[in-house]
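Here is a short briefing to read alongside the structure.

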Amino acid sequence: MSKRKRILVACLLIVVFLMQNTVAFADSSQRKNFYVYEKTDKISTDVLACAEAQIGRRRSDLGYLSTYKMGWSAKFVSDCAYLAGAEKAIPKADDPAALYENVIYAGCTDETHSYDLHRDTPGDLVFFFCPECNQYVQVGIVKDRSYCIMADSDKVEKIDYRHGYFYDSSSHPSRDMIRSFVRPKYNRNSVQTITPEFLIGFYDMDWNPINDIKTGDNIYITYDLYDSISGKLMNDISYDRSYIVTLKLVMPDGTSQTSYSTGTDRAYKQFMPTAAGQYTIQLYLNDDWYNPWYLDFTVRDSGVHIHAPVEIKGYPATCTKDGKTDGSYCSVCGQVLVAQEVIPSTGHSEVIDPAVAPTCTKSGLTQGSHCAECGIMLVEQKIVPASHTWDMGEVTVKPTCTLQGEKTYTCTVCGENKKELLAIDTSNHSDYGTEIINKKEATATEEGYTGDVVCKECGAILSSGETIPKNGENSETTTLSDIPTMSPTVGPTPAKPTAAVHNINIVNGESMPEDYAYAESEIFITLAVKDKITAEMLDQLLVGDYSYSITDNEGDILDISDTVGNGAIVLVSGVGITNLKKTIILLGDVDSDGVVTATDARQILRCSAKLTDLDEIGRLAADLDGDNQITATDARAVLRVSAKLDNPKDWL
């Protein structure tokens, strides 16, 4: 190189050096809060130096929002890269996953998932991948083989990443993290960024690799000089200057042998050790950018074994598991050189979780505890249900013979009320008044009866009457007018039958079964029953010199045990009469199943509300008060009879 060119290169380097040591900050960015650091002419070193200058500073000190959480580790790396002039190699990103993609797309030159395979290269990035959530959650800047600088939790810290442990505010399981090392493609204008490294090997005279060197062995010590960024030998990459490799071999007695190689990236030195002991190889370039590279190796006496120690890394004790100290063994003979000792487990460090008293509306917790170190639960906190403190209660609605009452309780703490239904009081008839039933005047042939006093609402007998002696005169007989009748409520009025027919089925009250009420009209036989009535029971009600057959509402003849429902037909035959039809009207039985239930009351109520309609027979059975209208009053009367509160005989 000519003298003029060397002067120009020197001037350019000085300008670059001065520019790199001038830190400019944008007022609109967190970068204005970063501490200034001393710059070099190597971008990767500057990125690490910028990060190290901020160790111990909190997120708020640097101006990052608290909402960044784990994402601020990526923002921190992005800002360090910008201040070091590496924004092209590490494009800005707001979270670790995005930063990982940006560096990959920017042309990174190395990536591996194990720190054991990673070379000791400051300025590389280490990403922590969480298998549980399937994403990168943290990122740091590599300092050396053991540590990185990372914005973790609430501040910038120096983190030991060898075992994947770090403080993570997002509660990811750090011990299960997978580490990915990425080497950004650093470059700064005309100054090419390279990282020379040496690869040393030991070979016998037949160029077979050896690892056990003894005195008297004739060996080759080889080296390869390559760029760790590109992975190429130095002569295979563009490099605008010559270099000299110095190989210095230091003997156990302190003497040394030195050899030089100019512009050669691959060379060897022949060597025959005469003394056992430890030897040191020093390799370095004559360029001031790099420090010497050292390698120690051991030569054993041909007749004496020299141990080659291999370190066994220990691990700390935890709350529940013992740990071990560091140890070592010989890689040649396998002998344990330093035995590992057991470090007893530390035991849990109990922290009390205080009890929480329950309130009227919120549950509480019993006292519990957990370990401050590992977080495991030692004493589980159990839920204490919320509960009101109720007073003795006050009767707000008194129960009667037909209606339930109500009792109101009040919480003595919060004043909330709860209500409780009280059972029907069959002895309380005071709200409804009384009436006299079963009253009968005495005649010359029959005793009379003063009548029973009953509740108008439920029909319960409050007091029984007395017998009235026969008066000996004015004998009375039961006539047709004494039998209650019910006229049809809807539909056309049929023609009256003959007088002979009219006399069919005259029934005395005495012959009528106790649970049934009966009334005969000219075309209908009207019944009011408490329980089901069969064809046999109906036949007993039909008296007179006629024959009868009973069919259901579809014309099928009923057996004597079949239930008679609303709409059944009685066919009458006799002298002068052939198949005279009388329709059974079973009051309240609108669904024709032969019994009065709450279902009948519901159909009557829906009919009264115009939600459904009933046929002619159904309407006759539903109009209990005979006002030619289907109303809620009829539905209530059916409901009371179905609940055994009223006697259906009162409908006739």
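What follows is a tour by topic, from the whole chain to single residues.

This is a predicted model. The chain holds ten helices and 37 strands, and 38% of its 652 residues count as buried. Among contacts between residues at least 6 apart in sequence, 51% join residues at least 24 apart.

**Nonpolar cores**

- The largest nonpolar core has 36 residues, and those with the most contacts inside it are Phe34, Phe76, Ile90, Leu99, Leu125, Phe127 and Ile141.
- Two or more residues each come from helices H2 (43-52), H4 (72-83) and H5 (96-105), and from strands S2 (125-130), S3 (135-142) and S4 (147-152).
- The element that gives the most to this core is H4, with seven residues.

**Strands and a sheet**

- An open sheet is formed by five strands in the order S8-S14-S13-S10-S11, with mixed pairing.
- At the edges stand strand S8 (213-214) and strand S11 (256-262); each has a single partner strand, so one side of each has no neighbour in the sheet.
- Strand S13 (residues 277-285) pairs with strand S14 (residues 293-300) in the antiparallel sense, over seven bridges.
- Isoleucine 281 has leucine 295, in S14, as its bridge partner.
- Threonine 222 sits in strand S9 (residues 219-227) and counts as buried because its relative accessibility is 13%, where the cut-off for buried is under 20%.
- Beyond its neighbours within four places in sequence, threonine 222 touches Leu199, Ile200, Gly201, Tyr203, Trp207, Ala267 and Tyr268.

**Salt bridges**

- How many salt bridges does a search of the whole structure find? There are 16.
- Side chains of opposite charge can pair when their charged atoms come close.
- Aspartate 124 and arginine 183 form a salt bridge through their side chains, at 2.9 Å from N to O. Aspartate 124 is in the loop between strand S1 (111-112) and S2, while arginine 183 is in the loop between strand S6 (178-182) and strand S7 (196-203), so the pair ties together parts 59 residues apart in sequence.
- Are these two partners buried or exposed? Aspartate 124 is buried at 1% relative accessibility, and arginine 183 is buried with a relative accessible area of 2%.
- Lysine 419 and glutamate 406 form another salt bridge, their closest N and O atoms being 3.8 Å apart. Lysine 419 lies in strand S27 (residues 417-422) and glutamate 406 in strand S26 (residues 405-410), 13 residues apart.
- Lysine 419 counts as exposed at 57% relative accessibility, whereas glutamate 406 is partly exposed at 22%.

**Helix H10 and its surroundings**

- Helix H10 (residues 632-642) has Asp634, Ala635, Ala637, Val638, Arg640 and Val641 as buried residues.
- The buried residues of H10 pack against helix H8 (598-608) and helix H9 (616-622).
- Arginine 640, buried with a relative accessible area of 8%, forms a salt bridge with aspartate 646, the closest N and O atoms being 2.9 Å apart. Aspartate 646 is partly exposed, at 26% relative accessibility.
- Salt bridges that share partners join Arg640 and Asp646 with Glu457 and Arg636 in one network.
- Just after H10, lysine 644 has a positive phi of about 65°.

**A surface patch**

- Ile376, Leu378 and Val379 make a nonpolar surface patch of about 220 Å².
- Leucine 378 is in strand S23 (residues 377-379) and counts as partly exposed, at 32% relative accessibility.

Technical notes. Residues numbered from 1 in each chain as written. Predicted model: local features only at pLDDT ≥ 70, side-chain atom pairs only at ≥ 80, totals over all residues. Heavy atoms only, no water. Patch = residues over 30% accessible without salt bridge, like charges linked within 9 Å, V, L, I, M, F, W, Y side chains within 5 Å. Areas by Shrake-Rupley, 256 points an atom, 1.4 Å probe, with all protein chains shown as cover. Salt bridge = Lys/Arg side-chain N within 4 Å of Asp/Glu carboxyl O. Helix = DSSP H or I, 4+ residues; strand = E, 2+ residues; numbered from the N terminus. Buried < 20%, exposed > 50% of the residue type's maximum accessible area, 1.4 Å probe, protein only. Contact = heavy atoms within 4.5 Å. Core = buried A, V, L, I, M, F, W, Y, C linked by side-chain atoms within 4.5 Å. Pairing = 2+ DSSP bridges.
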